[in-house]
Amino acid sequence: MDDDLEQPTAVATESQSYTRLDTGIGVEVRIDKGHQDEADAEGEAEDGGLDWTKLLPASARPIIPKRGEKEFEPRFSSLHHSTSDVPAPTGQGSSLQQQILHLSRTAMFDAIRAPRTISSKLVSYGMWYPELGRTHVTVSRGVHFATMGHSAPRPVQNDMITAAAEGTKTAPDSASEKLQKRLELLPEETIYLVERGSMLCYKSPSVTNATPPLTSIYLGNIPGAPMSVQQVYTECISRSGLTLEKYQVYAYLKRLGYTVTRAEAPDPYYHLPTPYKPTSTIVESPSPSEQAPPSLLWRLTHHLHHLLSKLLSILPSFHLLPPRLSPSPTFDWWHPLPTHPHPPQSYASIFAALRNIIPSGHKVPLHTPPSQKTDNTPATTPYRIFYNVYKPNTPFRKTTPGKPDFQVVVVNARTTPMPTLYELTDLFDQVPEVPPPAPRKRGMTTAASSTNKSLGQGQGQQQKENKEGTAKSSSAPVAQQEQTRSVSENTRLWLSWLRWPFSFLFSSPTSTQTGQKNPKPNPFPVLKMGKKIIIIAAVDSGNISFFRFGQGSFEEWPMI
Amino acid sequence: MAAHDPIPLILAQNTAFVWDVDDIATLRTKHGICGVLSGTLPHLSQQNVFLGVPLILMPEEVVYLVQKEIAVLIDDPAAYSTPSNFDLTSWITAQEESVEHQLSIAQMKERKERLAPGRAMSEEASRKRREREERNTRAISETTNGGTEPRSTFTSALSPAQAPISSAAAGYTVLIPTESNKLPWYQPSNERCVYTLLADTKKKGIWTFPSTLHECARCSIFRDLREKGYYIGGGIKFGGEYLVYPGDPLRYHSHFVASVHESPVSTLHPMEVVAHGRLGTATKKAHLLCGWDDETKEVSYLSIEWGGFG
């Protein structure tokens, strides 16, 4: 199998040579495999040996190059040694190393110096309104607007813009009253489009001058001051709840092709997916017309629910009853465990009975100490869902967005501690359950949809299977397999013919049927994935780490 | 003041950006400050491996640069004045001139091609193109039944007087400015937006970074490591505050993951030591515990590595 590991030659130093494209100097770099084993490679994948030299030449731009190789450390040049008694911890490196470093740096600086140019046939134009925190898109071109921007009715104060953009003349006196729908961009959408060089954005003049505004027919015909990318950053971040961290996560996901929308409507015209209701099961309420922001009413009911459940959890303690138990009339508190005439009980039945008494799982409300009774979380916590993320290449409509594929929380890694249990629980209360992962294709396994089967059913089925397993341990297929190994094909046929009339002896048809139709799915992928998933992006001054928190449903998968 | 002009760090929302590529180069090659490039590269905009300006600096880097008088802080929102009509006009005329220049070049090229079509492209290609054009015009004249339309576009493309109209057909390149330096109404050297002292920015509330003991310890440790000649990057993905590189991170692997302890007597749980040792060893790094003593103003270092006995 692992021949590579066994042969010592494979581990021996192996010089890799590659030439730099743009210089023509053949540079041979020896990489000591002792320093570069696979653990190293895994670790350093994050650490990133970025080889900017492969970005050039400019003619071959759209090819995304592979990451380059790195060296262990700069070698101490002899020159350096002679000048100082104590060798500096970081030498300048040998002249070869210096040369390569210089090339890499030059390539990098050249690559990031590339100007933002775009053809006039592809460029979009927008006007940023600082007091509104939105960009009005006057000319929209390209595929971006299929997933970005929303239309909002605004009073047309400055009819010049629309008139100029549409090439029509409107009466200026009636325009001040009129509401007109227009395409608007959120701050993050504005920055993203400007930064990738797809939109030229102007800043709306704060004071309307008496002089006619200066426009250029070549540049969108917009009366305003053009903004640089730098100015767009300065203007747009911190508007409408955006932070730099949130923008970075947005741009990161957008660059990968995801569709990213806000999870809470920044204004009443923004379309959200139908909110998930935590109290009821997921009911599709088809009312795209009432796009009221879900937050207020929903949060009220949410709080009520919390309060009620807290009350319930306190009350039964007076009666020495465990919470959330509806004691059936036959339940005997003096004999909580099922007693059978014959003492030897299986552990499974005892555990099953215990599970009925002791509540478990995430449906049980969290215990809140009285000191924390005042609701502390929703207002101040940084752990709030900010983005809804949809996978690339899924049908997406801005006006009726579907259920998001992921929901992302963005936090600043420097200032935010790990989420508390309460914060996590609150987050999970807002997200719907995800379907279990599809079982791995193996033979004739069918998609198991049995995750939401109740505890008792699962237990019962398991017990049945256990019983059957012990009773008919030597079932037909096993026996057949054993025999085929020893005997030839002919005799196998013979045997199967022989056995056919007596097949009911070898296997009970019911057991095989249930076994094939509904095989017990492997619980570990389901447990590992959890029933609810939230993505937390922690950003530390430009470094984004995505963490996936899953709410495991261990109570539904008893192991015994 | 330093010998050279200080590098302007653009402050916006308590974050320091560097937009000028020359400044980025100086910071990296001369001062060993790398920052994180985090903007979309305009022509490689659908990937996250290579990113471009702006360069975002770690707060420690900013404090180091300002304390060393290498850089000054620019309050960016205050640096934009309302553009005067003169400025706007000059900007617009400059852009229009560039567009017209582009268009005239395109027209000249087109005309030259029409006059001598064989020179620009190979004979085979030109023949194919001519055939295609003929087919197209025939198709259009058949559908429109008139044949007036192709002629009208043809004339408008040729007449230089109607350049703005034909520009829609010809197309030109629009330049989206990256740095504000290119806008005439951006005045970063203005008195009221340049800050050389951290105390002033803190008073103003535009840069507040070392405000706790822990943050002061971070700054001091960063400074100490940098003065020892190491390059320093963020270490959040390796369970520490910093990654410590022996040379430019572009070419060399980091040797240490550093974690900051604000006091030499701060508690360190054994589990942390195990976790640090485990992660560091798995990624071929040693873990560096950096303790800051606020009384003696000294940093002490301790490195952890797996012993490797069996």
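Because the model is predicted, local features need pLDDT of at least 70 and side-chain atom pairs count only at pLDDT 80 or more, while totals for chains, interfaces and linings use all residues. Residues are numbered from 1 along each chain as its sequence is written, and chains are lettered from A, with ligands numbered from 1, in the order in which they are written.

Chain B has 10 helices and 12 strands, where helices (H or I, at least four residues) and strands (E, at least two) are DSSP runs numbered from the N terminus. Of the 310 residues in chain B, 40% are buried; a residue is buried if 20 or more other C-beta atoms, placed from the backbone, lie within 10 Å of its own, exposed if 12 or fewer, and partly exposed in between.

Five strands of chain B form an open sheet in the order 8-9-10-11-12, with mixed pairing, two strands being paired if DSSP finds at least two bridges between them. Strand 8 (231-234) and strand 12 (298-304) of chain B stand at the edges with a single partner strand each, so one side of each is left without a neighbour in the sheet. Within this sheet, strand 11 (residues 286-293) of chain B runs antiparallel to strand 12 of chain B and is joined to it by seven bridges, and B:Trp292 has B:Val299 in strand 12 of chain B as its bridge partner. Helix 9 (residues 213-227) of chain B lies across strands 8, 9, 10, 11 and 12 of chain B, and runs at about 120° to strand 11 of chain B; such angles run from 0 to 180 degrees between N-to-C directions, with axes fitted to C-alpha atoms, for helices over the stretch in contact. For residues 218-300 of chain B, an unreviewed UniProt entry lists "domain: tRNA intron endonuclease catalytic", in the numbering used here, with a shortened feature name and with the caution that annotations may be inferred rather than shown by experiment. This span is 28% helix and 30% strand, and its end C-alpha atoms lie 13 Å apart.

Where the two chains meet, 77 residues of chain B are in contact with 74 residues of chain A, contact meaning that the C-beta atoms of two residues, placed from the backbone, lie within 7 Å. Helix 3 (85-115) of chain B is among the elements that give two or more residues to this side of chain B, and the largest share, eight residues, comes from helix 3 of chain B. The pairing of strands also crosses between the chains, as four bridges join strand 3 (residues 116-119) of chain A to strand 6 of chain B, the two running antiparallel, with A:Ile118 opposite B:Val174.

Some backbone details remain. Most residues other than glycine have a negative phi, and most peptide bonds are trans. The peptide bond from B:Val53 to B:Pro54, however, is cis, with omega near 5°, and B:Pro54 lies in strand 4 of chain B. A:Ser541, although not a glycine, has a positive phi of about 35°; A:Ser541 is placed in the loop between strand 13 (532-540) and strand 14 (543-551) of chain A, and counts as buried because it has 24 C-beta neighbours inside 10 Å. B:Gln13, also not a glycine, has a positive phi of about 50° and lies in the loop between strand 1 and strand 2 of chain B, where B:Gln13 counts as partly exposed with 16 C-beta neighbours inside 10 Å.
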